[in-house]
Structure formats: C-alpha cells, structure tokens
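This report describes helix packing, salt bridges and local backbone features. Please consult the sequence and the model shown here.

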Amino acid sequence: MDQTTEAIVNFALMTGRADLPPGLVHSAKQKVVDAVACALGGLNSPPARIARRVALTATSTRGAGLFGSQHRVSHDQAAFANGVAIRQLDYNDTYPGGHPSDLMGAVLGSAAATGADGPAVLRSLVIGYEIFGAFVDAAPMGQRGWDSGLALGPACAAALGHLFRLRAESMRHAVSLSVMDAPALRQSRAGELSMWKGCAGPNSARNGAIAAQLAAEGMTAPGQPFEGKHALFEAATGPFSLTFPTRIEDAQRVQGTSLKYFPLDFNAQASVWAAKELRTKFDPADLSDLLVTTYQHAKNESAGTPQKWDPQTRETADHSLPYVMATTLREGFIDLRHFELDRVRDPALRPIMNKIRVEVDPSVTPRWPKESVLHFTATTTSGERFEVHVENPRGHSRNPMSDDEISDKLRTMADGVLPSSETEALLAWLWQIDRSSSVDELFRLLATAKVEN
C-alpha cells in the first residue's frame, strides 16, 4: 500500500483504540443531533422519497437501519438514502469545501446492523470527519473539476471499517476500493442546480460503504490507489499529502466543522443577518443600491453565475446570495417555505435582487476558509448610507450554535413529522448517545415519523 493509504489506515486504527476526550465527544454529539434534525426535515423531500423507495427494494434481516422505516436494507442503500434525507435541505454541517455529515447516514445505518454502541459511533464519526477534512485541506479538488465526494469515499470506508472492526489489512483494502470510484464531477454543483446536488455526497458515501463491506468479506484491492500508475494522483488530482494528528486529543476537524443556522449555503448565511439588521435602519422599498464585498469563494459559490441571479430551482435558490438577501430584506426572515418554487420564481423579487452587487474584497479572501467575512453597504434613494459587517455568522466553528439552538432546530424540523413527545424522547436519546449500548432506539423513534412514499 502507498503512503497516503497507510496514513489513513494508521489514523483510523489509532482512533479506534482511543477514548475520546470530553470536548471531542460533545462536538461529535452536536453533529449527530444536527444531522438527525436535517434528516427529519428532508425525509419527505422528493429526492429522499426516491432514494428510500429504491433502498426498500434491497431489504435484509441483517441490514442497516433506514430513516423513517422499520425495514433494514443493504449498507450501501442505507448510506445513500439516509444521507440524501440529511443533505436535501442544504441545512447540514459544513467544512470548508464540503459536508462531512454526508457520511452520517452511513455511520448510523451501519451501526444498527453491527450492534455498535454509542462510543463506537462517535469514534467512527471522528475518523470520518478527520479524514474528510484532511482531504479537503490538502487535495486540489474543486479547481480541477472534482467534487468533495473524492474525500467522502475513503472517509466513509474508514469510518465503517471501524464499525466492522476491520484489521489493518482489510482496512487498507476498504480504503483502496473506495478510491477506485472516488472522483465525482463537480458539475453536480455548477450552473442551474438539480436534485443531484444533494445526492452527490451521499452517493460517494455509498461507495465507501460498499467498499468497507466488500473488504470485510475478503475482497482485495489495488495496492497503490493514490500514488501508483494510473492512480488518483496521476489521473485526477496531482500529488498531495494528508496530515493527521498523532494523538486523538489533537483531532480538530469535528470541532472545525460549522453548523447552519439557516437552511441555505453557508457562504450566504451572513447575508441573512445583514438583511435583518439593514431593514431596521431603513424601509427596504427605499433601497437604491446594495454592495456586498466578500471573499472569492463566497462570490463563486453564491453569486458567481447567471443562474444565481435568477434561480429557477430550490437547489439554486438556497445557493443564491441575491435571492436570500432580497427575500430577507422584503420579509424580515427566511425559512424553508421561501424555497418552494412559487416563491423562488417570484418576479417581484427580481427588482430587489437587481439592486444587489457582489464584489471580491482581496483583503478578506486570504482569511477564508478559517474565517467568513462579508461587508454590506446599502444606499437609499435619498442618498443615505448604512453599513453592516458580519464575521463568522452564528453556527461558524468560531461562533458555534449552542446545544439549545441545535435542539430547537431539531424541534422545528420535526414539526409535523414526529409527535412532540417522540421529538423530546429523540432529543433526550441523542444527547446521551455516548452512553447508549446501541442505536436501536434511534431507528425505533425515527420509524414513527410520518413519511410519504
């Protein structure tokens, strides 16, 4: 095996033998609660319903847990269907360059099949998040046209390898197998966005899940998946070097993952806070011009293509800074209702959007990805100027949401899906996952959710 594979395997095996420090346990639990909240909100989205229907064609008495169902399904189908539910509203956590909770559905589903206890689930997540973050930090993916799924396959394979109790040799094969199908095209996130935007990451996690399962059954894999002839470095990314902590106490990527306060692209979160403040200073009807200055990545992701200035799909609107800001200016808030198609295509919003300009500020671009900095300058028809500066909006890893805020997010997403008593039971279980002997209770509670076929 090559050095990159060895680095991944050594970190996964080290973590699998470690007791997590309390701060890391708490941060991992927050990510679980947040992901389940997102899953409840996304269970009845069209893509989640499609994925669930397909998953239920592969039921198994020994299979993985499926959100919203009493049935067990294959590990790979659970990874995909659960992940799609988590990902659909674009409300799940974010690490600069991708969404590590895209592997959460695989971990929780497979934990149900393996009988893993809560501490094993949290260790598995730390493995997955750290590997994902190491890839995103080091590998040239987006600029070469590859999606973050390149990182999710190996991360998920190693995370599930821990749940499957793979030894070193089998873990190496699991990682290698996942890399064979790792490069996913970033076309998934370019132009007018489709349903697949919220499915691409879970699909890469699915590849990692089947890789781990095959390796557990004895499947062997190429020995040089990263550094060999026609391997990943040569065919796709060029060389890179992954950096992992030598002690579990030094693991940083779970804590370095941000949560979303609003159900939209993280780069546009600040625009909601700014719009809320600006509309207290003047009547939005009097707006003449609104200049947003920000880092290059924010402009690329949320205002860099014509589709972001005239979104026609939910998936494009929640990645459109002009749409998000115009909506909040007009209405004072933004929630999931604003991403229904009749609102997304509302012609009355376009004149407001047309008053917004987004420009790159070279002085703040280098501060990303560690910091998110946006500045807003509004000019009214009477010539008055108002400015708002937002750094690291609520939910950013440097301005984290509280446990109460995360719990309230789950309650909101569970409204109409779970009875309030079941919601509170679910929250109580989730915040105690580190003390649980299995995840059976989680899937029992989620099976009571009102789901549409």
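Is aspartate 137 buried, partly exposed or exposed? Aspartate 137 counts as partly exposed, at 45% relative accessibility, where buried means under 20% relative accessible area, exposed over 50%, and partly exposed in between (1.4 Å probe, protein chains only).

## Basis of the model

This is a predicted model, in which local features need pLDDT of at least 70 and side-chain atom pairs count only at pLDDT 80 or more, while totals for chains, interfaces and linings use all residues. Residues are numbered from 1 along each chain as its sequence is written, and side-chain values use heavy atoms, with hydrogens and water left out.

## Salt bridges

The structure holds 34 salt bridges, each defined as a side-chain nitrogen of Lys or Arg within 4 Å of a carboxyl oxygen of Asp or Glu. One of them joins the side chains of arginine 253 and aspartate 137, at 3.0 Å from N to O. Because arginine 253 lies in the loop between α10 and α11 (269-278) and aspartate 137 in helix α6 (residues 118-138), this pair ties together parts that are 116 residues apart in sequence. Helices (H or I, at least four residues) and strands (E, at least two) are DSSP runs, numbered from the N terminus. Arginine 253 is buried, with a relative accessible area of 11%.

Aspartate 310 forms a salt bridge with arginine 350, with the closest N and O atoms 3.0 Å apart. Aspartate 310 belongs to the loop between α12 (296-303) and α13 (314-317) and arginine 350 to helix α16 (residues 350-353), so the bridge links parts that are 40 residues apart in sequence. Aspartate 310 is partly exposed at 38% relative accessibility, whereas arginine 350 is buried at 13%.

A further bridge connects arginine 367 with glutamate 391, again with a closest N to O distance of 3.0 Å. The former lies in the loop between β4 and β5 and the latter in strand β6 (residues 385-391), so parts that are 24 residues apart in sequence are tied together. Salt bridges that share partners also join Arg87, Asp90, Asp102, Lys197, Lys260, Arg314, Glu315 and Asp318 into one network.

## Helix packing

Helix α5 (residues 104-114) and helix α7 (residues 149-163) pack at an angle of about 20 degrees, with their axes 10 Å apart. Axes are lines fitted to C-alpha atoms, for helices over the stretch in contact, and angles run from 0 to 180 degrees between N-to-C directions. The angle therefore makes α5 roughly parallel to α7; angles under 35 degrees count as roughly parallel, over 145 as roughly antiparallel, 65 to 115 as roughly perpendicular and the rest as oblique.

Helix α7 also packs with helix α8 (residues 168-180), at about 155 degrees and with the axes 8 Å apart. This makes α7 roughly antiparallel to α8.

## Backbone features

Arginine 165, in the loop between α7 and α8, has a positive phi of about 60 degrees although it is not a glycine. This arginine 165 counts as exposed, at 74% relative accessibility. Histidine 230 likewise is not a glycine and has a positive phi of about 60 degrees; histidine 230 lies in the loop between α9 (200-216) and α10 (232-237) and is exposed, with a relative accessible area of 59%.

The peptide bond from tryptophan 368 to proline 369 is cis, with omega near 15 degrees. Proline 369 is located in the loop between β4 (356-360) and β5 (373-380).
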